[in-house]
Amino acid sequence: MLLVYCPYCDVERAETEFACRGEAHIARPADPTQVSDEDWVNYLYMRTNTKGVYAERWRHIHGCGRFFNAVRDTVSDRFLKFYKAGETMPDLEAIAKEAGK
Amino acid sequence: MSDLLANDLITPDAGEAPLLAQADVSILKAVPVTRLSYRGREGSLKAAGKAFGVALPVQPLSNSTAPKRAALWMGPDEWTLLAPEEELNAVFEAIEKGLGDTPHALVDVSHRSLAVIVSGAKAEWLLNTGIFIDLSLEAFPVGTVTRTIFHKAPVMLWRTGPDTFVVESWVSFMDYVSGLLVQVGQELAAA
């Protein structure tokens, strides 16, 4: 079982308390009426499906209920960083390098 | 019975038989209380705390108590406020009045959940059969309150004493939660 750190509760808890909500930092277009169908499909469905280090959204659903972001290596399933929602995306390459990937 | 008293709000229901009564662990149903869910931003906390009677804690997983009042941290903008059952209207109106136009949400959730008091030397061990949290006093000191998962049911866990925990779950999950606790407790006695 994965141990996930919640930056709001400031504790590490079992994965069962959390829900993973997919890739992080995907901004909803500010004015959907001006977006072409193709761009809307890209926004709605297309994800990078990274092999390696990437940022994803998690929710502490059975705890404080808050969304936050985590950087996870999808190959080793190791978490490399946790940060609160709204914070800017960290430099994934630097994190990957630091972790020796 | 004083060692079984969780605090002045969550007390054993005298009219109910204990669910489990063993030398090293007991499970008792708690009396009904007023439960209010409060949500609001930082700017509203001071007024809400003043109207309620005890300051709302801002430290994660912490609680603050006063006579007949308890405020439990549930999330960065969410608190559960406890008061005696008969004071529901008084407390509710006091907070609404104290906050006035400040944006907030106050909801009466008194009947949403039930509480049991799990106490005794083996309480920690008993809860750990379904909760994957380090419940040692260093990691989970007295006063810590958190929502978590008990087997498959969401519960709220509140440590009110070194050997005493309040376990609160939704009404429809309580049979599942207390049933599993009792079953494991009985196995403990048989072992």
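In this predicted model, A:Trp58 has A:Phe68 as its bridge partner, and A:Phe68 belongs to strand 5 of chain A. That strand, covering residues 67–73, pairs with strand 4 of chain A in the antiparallel sense, and the pairing extends over 7 bridges. Strand 4 also pairs with strand 3 of chain A, again in the antiparallel sense, here over 3 bridges. Within this second pairing, A:Ala19 has A:Arg59, a residue of strand 4, as its bridge partner.

The two pairings can be set side by side as follows.

| Strands of chain A | Sense | Bridges |
|---|---|---|
| Strand 3 (residues 19–23) and strand 4 (residues 53–59) | antiparallel | 3 bridges |
| Strand 4 and strand 5 (residues 67–73) | antiparallel | 7 bridges |

These strands belong to a chain that has 2 helices and 6 strands, and when chain A is followed from its N terminus, the elements come in the order β-β-β-α-β-β-β-α. The C-alpha atoms of chain A fill a box of roughly 40 × 35 × 20 Å along the principal axes, and of its 101 residues, 21% are buried. If one considers contacts in chain A between residues at least 6 apart in sequence, 52% of them join residues at least 24 apart.

Key:
Residues numbered from 1 in each chain as written. Chains lettered and ligands numbered in written order. Predicted model: local features only at pLDDT ≥ 70, side-chain atom pairs only at ≥ 80, totals over all residues. Pairing = 2+ DSSP bridges. Helix = DSSP H or I, 4+ residues; strand = E, 2+ residues; numbered from the N terminus. Buried ≥ 20, exposed ≤ 12 C-beta atoms within 10 Å, placed from the backbone. Contact = placed C-beta atoms within 7 Å.
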